[in-house]
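Here is a short tour of the side-chain packing in this structure. Have the model open as you read, and follow along ring by ring.

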Amino acid sequence: MAKSPKASALVDTRVIYCGDNLEQLCKLPEACVDLIYIDPPFNSNRNYEVFWGETKEKRSFADRHESTKAYIEYMRPRCVELHRVLKKTGIVGEMDFMDEWYPIQVKQTAKVGRPDIDSFEAVLIREERKLGYFVGFDFTGDALFEIDRFRRKEGREIKPLTVREILDEELASPK
């Protein structure tokens, strides 16, 4: 039987914190985070729309900023908070001290499609990774077919994980 990880005395690690990252980060105590992995907006100058969950509620956001300066001012307080909550022994960035690390992509759409998988394949190839994890609410048949094709052709593996699978895991369940 696998031993449960040691609970944190600083923050409840059995909880998924949802909301604006700046608001959530401000609630955390100093030096309580071991690892920071971010996927920030990239000032792509695009608008995005997703249909959320089983209710198919339409949600949208714009990845547009007035200028590069405005984008930097948007990101600055978030970076300050990330620095504040990171332990002195914590890890941020690409973890270049480790030979083994795995890219993780999280998509907040009802179904992950083949274009999403195609983009993630490019990351695995560029970063020379043999394994990556893709988290989504569900996956289209085309996405799963592409994952299998990529494994056979490139010898690299993408593990599709649904949010439901993660929530059903023993570690995600409150004791």
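Let's begin with Phe139, which is buried because its relative accessible area is 8%, under the 20% limit. Bear in mind that this is a predicted model. Phe134 also counts as buried, as its relative accessibility is 1%.

The structure holds 3 aromatic pairs. One of them joins Phe120 and Phe134 edge-to-face, with 5.4 Å centre to centre and 85 degrees between the planes. This pair links distant parts of the chain: Phe120 belongs to helix H3 and Phe134 to strand S6 (residues 131-136), 14 residues apart. Phe134 also pairs edge-to-face with Phe139, at 6.1 Å centre to centre and 75 degrees between the planes.

In soluble globular proteins, nonpolar side chains tend to be buried together. Here, the largest nonpolar core has 10 residues, among them Phe120, Phe134, Phe139 and Ile147. At least two residues of this core come from helix H3 (114-126), and at least two from helix H4 (141-154).

Which residues does Ile147 touch, leaving aside those up to four places away in sequence? They are Ile117, Ile158 and Pro160. There is also a second, separate core of 9 residues, including Val11, Leu25, Leu28 and Leu86.

## A charge over a ring

One last stop is Tyr74: the charged end of Arg78 sits over its ring, 3.9 Å from the ring centre.

Conventions. Residues numbered from 1 in each chain as written. Predicted model: local features only at pLDDT ≥ 70, side-chain atom pairs only at ≥ 80, totals over all residues. Heavy atoms only, no water. Core = buried A, V, L, I, M, F, W, Y, C linked by side-chain atoms within 4.5 Å. Buried < 20%, exposed > 50% of the residue type's maximum accessible area, 1.4 Å probe, protein only. Helix = DSSP H or I, 4+ residues; strand = E, 2+ residues; numbered from the N terminus. Contact = heavy atoms within 4.5 Å. Phe/Tyr/Trp six-rings, centres within 6.5 Å; stacked < 30°, edge-to-face > 60°. Lys NZ or Arg CZ within 6 Å of the ring centre and 35° of its normal.
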